[in-house]
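Student: I would like to learn how to read a few features of a model. Please take them one at a time.

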Amino acid sequence: MPARHQITPNYRMDDLGLSAKERNAARYRLEDGLEAWGQRWELLGHTVRCQHCHAMQRASKAPLPFSHADGCANTGEFAQHPWRDLAQLLEQLPKVGG
Ligand SMILES: [Zn+2]
């Protein structure tokens, strides 16, 4: 098992003493990322749906590669793990009270 970069559980970008400019850049990264995610995917209850082929995946199947319909244009490296991608985006949310 390769060594992984360790991040303490309550690590947040606001704790790093980022400048207002850096926080602004981080906010745009989050919002741009969510915008891009929403162009590919849609959340429907406990499932995520491909905006292109309308194939769906339950949250409990998140570790599996997304199974698109034949001919779907939403494929490739960035269209295999929508739940993981969403989770990574949400990790960037500013902390409550921050
Ligand atoms: Zn698809």
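Student: In the hairpin of E1 and E2, which residue takes a positive phi?

Tutor: First, the ground rules. This is a predicted model, in which local features need pLDDT of at least 70 and side-chain atom pairs count only at pLDDT 80 or more, while totals for chains, interfaces and linings use all residues. Residues are numbered from 1 along each chain as its sequence is written, and side-chain values use heavy atoms, with hydrogens and water left out. Helices (H or I, at least four residues) and strands (E, at least two) are DSSP runs, numbered from the N terminus. The residue is Gly-45, with a phi near 60°, and the hairpin has 2 residues between its strands.

Student: In what sense do E1 and E2 pair?

Tutor: Two strands pair if DSSP finds at least two bridges between them. E1 and E2 are antiparallel, over 4 bridges, and Trp-41 stands opposite Cys-50 in E2. E2 also pairs with E3 in the antiparallel sense, over 3 bridges; Val-48 has Gln-57 in E3 as its bridge partner. The hairpin of E2 and E3 has 5 residues between the strands, and His-54 in that turn has a positive phi of about 65°.

Student: Which residues are the protein donors of the zinc ion?

Tutor: Donors are N, O and S atoms within 2.8 Å of the metal (3.2 Å for Na, K and Ca); water is not among the atoms, so sites may look incomplete. Here they are Cys-50 (SG), Cys-53 (SG), His-68 (ND1) and Cys-72 (SG), lying 2.1 to 2.3 Å from the ion. Their spacing along the chain is C-x2-C-x14-H-x3-C.

Student: Why is the arrangement around the zinc ion called tetrahedral?

Tutor: Four donors count as tetrahedral if all angles lie between 85 and 135 degrees. Ideal angles for four tetrahedral donors are 109.5 degrees. The 4 donor atoms around the zinc ion subtend angles of 105 to 119°, so the arrangement is tetrahedral.

Student: Is Asn-74 buried or exposed?

Tutor: Buried means under 20% relative accessible area, exposed over 50%, partly exposed in between (1.4 Å probe, protein chains only). Asn-74 is buried, at 1%, and Cys-50 is buried too, at 0%. Asn-74 lies in the loop between strand E3 (56–58) and helix H2 (82–90). Contact means heavy atoms within 4.5 Å; leaving aside neighbours within four places in sequence, the residues in contact with Asn-74 include Trp-41, Cys-50 and His-68.

Terms used:
Four donors count as tetrahedral if all angles lie between 85 and 135 degrees; four count as square planar and six as octahedral if opposite donors are over 155 degrees apart and all others between 65 and 115; anything else is irregular.
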